[in-house]
Amino acid sequence: MTNDKLRILSGIQPTGRLHLGNLIGAVENWVELQKEHDCYFFIADYHALTTSYADTKNLKDDIRQVAIDLLAAGVAPEKAVLFKQSDVPEHAELHLLLSMLTPLSWLERVPSYKSKIEELKEKDLGTYGFLGYPVLQAADILIYKAREVPVGEDQLPHLELTREIARRFNNLYQDIFPEPKAALTRFPLLPGTDGRKMSKSYQNTIAISDPPEVVGKKVGVMVTDPARVRRQDPGHPDVCPVYQYYKIFAAKRQETVAKECRAAARGCVECKKELAQILNEYLAPIHAARIELEKEPKLLENILKNGAQRARLVAAATLAEAKQAIGLA
Ligand code: TRP
Ligand code: SF4
């Protein structure tokens, strides 16, 4: 029976194409988890609006592309429930209810709140919706009574807040929400091509849909060990972002690469060429799956519709329980 399985939920924002950081930090983990657990995965389009509300012309296409990326990367609709957040309006209604009992001070002290405003200075994020981002995320998680949430480390404060909100609800009304915990991935954060965290807003990403030439170009301009100026200088692989990629994508090669780098027996140019080839081989089956999915817009639509129907069964039941507990039913 599905109900003795561990319930797992995670979401991803449709802010452009998925990149290798998303794949390593989240999606690969989802693909593993779906084999054994009761998994709900969704495209967080409401969340995307909190920062992109002023420019939604690409939203529809971005949602479609993320769905294709997820499916091509191995999320399987027969194993996991895959849906789009706004197709399950129960998330929004629970968000409203939780917003009533969430103190402003809890939201103002979430670290990403101030840092994102700073980072995205060109946007006006002084909105009610943006402040409420973590309340919406809490609703996403609690509406499925999820026990585990596979996310990257950057999401830990959101998980902590979710637990606090659950506790507050349970204390005020009735004990309905289990406190979820984060399930971190085994990999550290994947650096972007400039060595900072890979992120859309830094424009340092390698998209999983990037064709081989683009991957080659992006890897070609990656930063390496800054102390290695000339080819004959010995390198320090541990501070080199290129080497981080070897650790994740070519574990079998990592020892040799490190040794050769330290002995100045390998140049950065050839090191990057080899890495580009490794990444392109890794991405080839995903690209093949993308091409097939691109041909089937109806199939894609049906997968998401179906997923939303299944998600709503659970979400509606929890919402009814929450309203009952509050005294609204
Ligand atoms: N905030 C998450 C991110 O930016 C996306 C997200 C929204 C999410 N709702 C969620 C992740 C619920 C896990 C659970 O990556
Ligand atoms: Fe980095 Fe490779 Fe150059 Fe060493 S040889 S510094 S690992 S790119």
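Visitor: Where does α1 bend, and by about how many degrees?

Guide: The bend at a residue is the angle between two fitted axes, one for the seven residues ending there and one for the seven starting there. In α1 that angle is about 40 degrees, at A26. Helices here are DSSP runs of H or I with at least four residues, strands are runs of E with at least two, and both are numbered from the N terminus. This is a predicted model, in which local features need pLDDT of at least 70 and side-chain atom pairs count only at pLDDT 80 or more, while totals for chains, interfaces and linings use all residues. Residues are numbered from 1 along each chain as its sequence is written, chains are lettered from A and ligands numbered from 1 in the order written, and side-chain values use heavy atoms, without hydrogens and water.

Visitor: How many residues of α1 are buried?

Guide: Buried means under 20% relative accessible area, exposed means over 50%, and partly exposed lies in between, with a 1.4 Å probe and protein chains only. Eleven of the 14 residues of α1 are buried, so α1 is largely enclosed by the rest of the structure. Among them are A26, where the helix bends, and W30.

Visitor: Where is the kink in α13?

Guide: In α13 a kink of about 40 degrees lies at L283, shortly before the proline P285. The 27 residues of α13 should span 39 Å, and its end C-alpha atoms are 36 Å apart, which agrees. L283 is one of the buried residues of this helix, as are C271 and L279. L279 has 0% relative accessibility, so it counts as buried. Its C-alpha atom is separated by 47 Å from that of M100, 179 residues away along the chain.

Visitor: Where does ligand 2 sit?

Guide: On a 1 Å grid over the protein atoms alone, a cavity is a set of points where a 1.4 Å probe fits but cannot get out. A molecule sits in a cavity if more than half of its atoms lie within 2 Å of the grid points. Ligand 2 sits in the largest cavity.

Visitor: Which residues surround ligand 2?

Guide: A residue belongs there if one of its heavy atoms lies within 4 Å of the molecule. The shell includes D225, R228, Y243, R266 and C271. Helices α11 (241-249) and α13 (268-294) each supply at least two of its residues.

Definitions and conventions: On a 1 Å grid over the protein atoms alone, a cavity is a set of points where a 1.4 Å probe fits but cannot get out, and a pocket is an open set with protein on both sides within 12 Å along at least five of seven lines; lining residues have an atom within 4 Å of a point. The expected span of a helix is 1.5 Å times one less than its number of residues.
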